[in-house]
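Subject: Structure handover

Hello,

Here is the structure I promised you. Please open it and keep it in view as you read.

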Amino acid sequence: MSPTKKPIHETLDWPKVKGLTEQQVVTLGRCGTPQQFWSMATTFLAGTCPFCQREHFDGDVAKEFKYWFVFQPYGTYNRHSGSLMTRWVVAYRTRTGARHPSRLSEIPEKAWAEMEEVVNFLDPNQTDPGGALYVRFGDPRYNGCTVPNHLHWVYDVPNGLEKVRPAIYKDEAGWKKDLERFKAYWRVFEQSKTIDEFIEKWEAG
Ligand SMILES: [Zn+2]
């Protein structure tokens, strides 16, 4: 990168929203459905993290390990259900009272070792034909995640019907689309008191 060039996301005018960091605003712009936007926005505004306080995920947690927990995103949380045979998310299991890890250096040695058990759980009979296991760490503006600053792995097996590319950083058009999506959701969110009202208004356009 030449020194005069800025990262694309820094060239856009992100709205300042009380109670939300710019990183949270960015990830809210990635929400694929109003259900996801509502639960993420209310979680952020309550000052919590959806992977630390797991009320939105508990129903789907497939297994709790000592350092990790594993789930398959709901249909409404997964924009890629048309192109993937399987998607697992493996998120760090934050100890009560502790802060979630964001950087690779924060993962204890025993948690790395436990990943062997986790991957055996994800594909117990080694029947997945192939795929990719990748870890999202650090600043969400640079890793494409939807839950910011809580380190997690994504395990994707394509179904062979469509292109699949792990999204890490978007082009300018992609960033602008996320920004506009955030603004559109936020306008409706601000006028809604319940999730049902929010979805109804969103769908009515
Ligand atoms: Zn967290």
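Below is what was found, from the overall fold down to single residues.

This is a predicted model: local features need pLDDT of at least 70, side-chain atom pairs count only at pLDDT 80 or more, and totals for chains, interfaces and linings use all residues. Residues are numbered from 1 along each chain as its sequence is written.

**Overall.** The protein has five helices and five strands. These are DSSP runs, numbered from the N terminus: helices are H or I with at least four residues, strands are E with at least two. The order along the sequence is α-α-β-β-β-α-β-β-α-α. The radius of gyration, taken over C-alpha atoms, is 18 Å.

**Strands.** Strands pair if DSSP finds at least two bridges between them. S1 (residues 61-64) and S2 (residues 68-71) run antiparallel, joined by three bridges. They form a hairpin with three residues between them. Glutamate 64 stands opposite phenylalanine 69. On its other pairing, S2 runs antiparallel to S3 (residues 84-92), with four bridges. Here tryptophan 68 stands opposite tyrosine 92.

Which way do the S2 side chains point? Trp68 and Val70 point one way, Phe69 and Phe71 the other. All are buried (20 or more other C-beta atoms within 10 Å of their own, with C-beta atoms placed from the backbone).

Best wishes

Definitions and conventions. Rg over C-alpha atoms; globule rule 2.2 N^0.38 Å. Buried ≥ 20, exposed ≤ 12 C-beta atoms within 10 Å, placed from the backbone.
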